[in-house]
Amino acid sequence: MGRDYFEDVEVGEMRTFGERDVTRAEILEFAERYDPQPFHTDESAASDSLFGGLIASGWHTAAMTMELLVTNVFADSAATGALGVDELRWPNPVRPGHVLSVRTEVIDTEPWDEELGLVKSRTTTLAGETEVMSMVGLVLYERRER
């Protein structure tokens, strides 16, 4: 259900997709390698933290979100890469056993140059009905009309 080119993307378009299980093992593996804070790597220390238990790193949540975006949006599109993200937030923790999904809303489009267009989309990652991450992605798409 992807789009081919920049011109196919419409402001206001919303999509919800994905179902990704979060496991204890992958939370520990990611954290031990990339974000070794005790509330990500040690269940006992996590229990005594303000989170009250083991949680995924926000960067892990971002990586899982990216996986869902690539699989469900970018793989079948003319997206060429991203300039970055704005407004990255982790309002609630991701825990073992959560199932993540993603909701996107295109909030702006603008020509970038003769070959590319910029698409700004608000991405919200959900664990059930609870928002666990939000960001505005800045993605370049090939233009059909050159």
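Of the 146 residues of the protein, 40% count as buried, where buried means under 20% relative accessible area, exposed over 50%, and partly exposed in between (1.4 Å probe, protein chains only). The model is predicted: local features need pLDDT of at least 70, side-chain atom pairs count only at pLDDT 80 or more, and totals for chains, interfaces and linings use all residues. Residues are numbered from 1 along each chain as its sequence is written, and side-chain values use heavy atoms, with hydrogens and water left out.

The accessible surface comes to about 8100 Å². Carbon and sulfur atoms account for 47% of that surface. Areas come from the Shrake-Rupley method with a 1.4 Å probe; for residues, only the protein chains shown count as cover. The C-alpha atoms fill a box of roughly 60 × 25 × 20 Å along the principal axes.

The protein holds four helices and five strands. Both are DSSP runs numbered from the N terminus, with helices being H or I of at least four residues and strands E of at least two. Their order along the sequence is β-α-α-α-α-β-β-β-β. Among contacts between residues at least 6 apart in sequence, 70% join residues at least 24 apart; contact means heavy atoms within 4.5 Å. UniProt, in an unreviewed entry, places the feature "domain: MaoC-like" at residues 15-117. UniProt positions follow the numbering used here, feature names are shortened, and annotations may be inferred rather than shown by experiment. That span is 34% helix and 32% strand, and its end C-alpha atoms lie 20 Å apart.

Helix α1 covers residues 24-34, and its buried residues are E26, I27, L28, F30 and A31. These buried residues pack against β1 (14-21), α2 and α4. An α-helix has 3.6 residues a turn, so residues three or four places apart point the same way.

Aromatic pairs were counted next. Rings of Phe, Tyr and Trp (its six-membered ring) pair if their centres lie within 6.5 Å; planes under 30 degrees apart count as stacked, over 60 as edge-to-face and the rest as tilted. The count comes to three aromatic pairs. One of them, F39 with F51, is tilted, at 5.0 Å centre to centre and 55° between the planes. F39 lies in helix α2 (38-41) and F51 in the loop between α3 (43-47) and α4 (58-72), so the pair ties together parts 12 residues apart in sequence. F39 is partly exposed at 21% relative accessible area. F51 is also partly exposed, at 26%. W59 and W90 form an edge-to-face pair, with 5.0 Å between centres and 80° between planes. This pair links distant parts of the chain, 31 residues apart: W59 is in helix α4, and W90 is in the loop between β2 (79-89) and β3 (99-111). W59 is exposed, with a relative accessible area of 53%. W90 counts as partly exposed at 36%.

T124 is found in strand β4 (116-127). T124 is buried, at 7% relative accessibility. Leaving aside neighbours within four places in sequence, T124 is in contact with S101, V102, R103, E131, M133 and S134. E87 sits in strand β2. E87 is not a glycine, yet has a positive phi of about 60°. Most residues other than glycine have a negative phi. E87 counts as partly exposed at 45% relative accessibility.
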